[in-house]
Amino acid sequence: MIKFNHILLSPLIIILATCCNTTTTLSSAVKGIYWIENQIFPPSSINTSLFTHVYYAFLFPDNLTYALHVSNATAATLTDFTTTLRAKTPPVKTMLSIGGSQSNSTLFAVIASTAATRASFINSTIQVSRTFGFDGIDLDWEFPADSNQMNDLGQLFQEWRVAISAEASATRRPPLLLTAAVYFAVEFFLSTTSPCKYPVASINQNVDFVNVMSYSLRGPWINVTGAPSGLLDPIRNVSVSFGLQSWIQGGIVPEKVVTGLPLYGLTWQLQDPNVHGIGAGATGPGPGLNGAMAYFQVVEFNKQSGGKVVYDIETASVYSYSGSSWIGYDDLLTVTVKIAYAQALCIRGYFLWAAGFDTTDWKISTQASKAWIHA
Ligand SMILES: *[C@@H]1O[C@H](CO)[C@@H](O)[C@H](O)[C@H]1NC(C)=O
Ligand SMILES: *[C@@H]1O[C@H](CO)[C@@H](O)[C@H](O)[C@H]1NC(C)=O
Ligand SMILES: *[C@@H]1O[C@H](CO)[C@@H](O)[C@H](O)[C@H]1NC(C)=O
Ligand SMILES: *[C@@H]1O[C@H](CO)[C@@H](O)[C@H](O)[C@H]1NC(C)=O
Ligand SMILES: *[C@@H]1O[C@H](CO)[C@@H](O)[C@H](O)[C@H]1NC(C)=O
Ligand SMILES: *[C@@H]1O[C@H](CO)[C@@H](O)[C@H](O)[C@H]1NC(C)=O
Ligand SMILES: *[C@@H]1O[C@H](CO)[C@@H](O)[C@H](O)[C@H]1NC(C)=O
């Protein structure tokens, strides 16, 4: 374990010392976390010492008016979210996130495709954000499907920025922040049908930062085990490091990149309990809901079942197995290594998915926050 740490960290620390623009990058680090609306882990449970931005997940646009749909029950939740977090010490920025993996991707394509639909949508996002006291807006469109939709997304960001600036001047308030959750790489290079690239120029100009979803790169939908959020991939480029570098090589300003850290593991059922490495044959999801487990559940599972924990140097990831159950996840060490890597790339920060998945004493979130070295 110490060897692993040493091998991976030492070259990165050297790079860190040489490349970052410390005034712009390190002083305004982003430490984000998404909160998925739920009753069990309310916003009051969030320790705001560990974060700078907390995201409400999610609101959805109406499919006829393209305005955000806010029921009365949701309105109460939004109010509680922003007032609770603003009253905390230290306070955090509250972000309204729109979309998510369960939302209708085609609807976003429709909205982004014409000036009139973009305007209705943008107007509503600003109005709802201000009504409920949010500091910013986040778009989580999963995913634009071709280069036309990517162009439309660039246009949407541009008009959004114009509207946000106009609203800020008219009301003499600080402008709302504008962020977006995006694919782990700048291009959909794994898709053979329509490879397309994010509108990086528009992002640089109009978006405060993007939350790169550097996780769920592999899961039990594949018939072999693998690192769901491995920093490295010596074979196929399906890795956090490749994804982040592709964004930077694709032209994004590094200060606009925030990398995702999963507070969950993905699980497989091994074909043969005696074959349990990375790439072992698997028959489907293992323990947990649809093959997913919160970090605190992984810790519990490893303890209860005597799971063997293994660090894999090739992928810079951790997994555990017990019987025919196999879990790929992130722990204190892999998160520390990822943060050193992120700082070596001079990116803006990290975000966690999602609140309530860490241990009750916030072990990973605390380690991540401490590991991020400030100027
Ligand atoms: C919140 O996190 C900070 C920083 O790690 C810690 O000092 C503090 O005790 C935590 N507060 C609670 C209520 O857990
Ligand atoms: C809008 O959504 C509703 C409910 O999901 C559905 O019944 C309706 O067909 C949708 N309309 C359009 C225009 O997509
Ligand atoms: C929602 O709240 C508004 C204003 O408080 C009220 O007029 C309306 O009847 C409520 N709608 C529902 C469906 O409860
Ligand atoms: C998604 O939205 C599109 C465009 O409004 C609509 O045609 C389609 O029916 C929607 N799909 C679902 C599953 O609601
Ligand atoms: C949204 O549109 C309404 C009606 O045109 C307008 O009064 C309002 O100022 C707009 N809001 C924003 C934030 O652009
Ligand atoms: C991985 O990415 C590098 C750099 O873009 C490229 O040269 C290489 O062919 C890629 N490898 C695979 C297996 O796609
Ligand atoms: C997994 O599926 C691929 C084809 O999708 C197949 O070539 C491979 O043999 C399978 N591996 C195992 C361990 O079942």
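F58 sits in strand 2, which spans residues 53–61. This is a predicted model, in which local features need pLDDT of at least 70, side-chain atom pairs count only at pLDDT 80 or more, and totals for chains, interfaces and linings use all residues. Residues are numbered from 1 along each chain as its sequence is written, chains are lettered from A and ligands numbered from 1 in the order in which they are written, and side-chain values use heavy atoms, with hydrogens and water left out. Helices (H or I, at least four residues) and strands (E, at least two) are DSSP runs, numbered from the N terminus.

**View 1. A cis peptide bond between A57 and F58.** Omega is about -5° here. F58 belongs to strand 2.

**View 2. A cis peptide bond between W353 and A354.** Here omega is about 5°. A354 lies in the loop that runs between strand 15 (349–353) and helix 10 (363–371). For background, most residues other than glycine have a negative phi, and most peptide bonds are trans.

**View 3. Y66, a residue other than glycine with a positive phi.** The angle is near 65°. Look for Y66 in the loop between strand 2 and strand 3 (68–69). Y66 has a relative accessible area of 17%, so it is buried (under 20%, with a 1.4 Å probe and protein chains only).

**View 4. N237, a residue other than glycine with a positive phi.** Its phi is near 65°. You will find N237 in the loop between strand 7 (209–212) and helix 7 (240–249). N237 is partly exposed, because its relative accessibility is 35%; that class lies between buried, under 20%, and exposed, over 50%.
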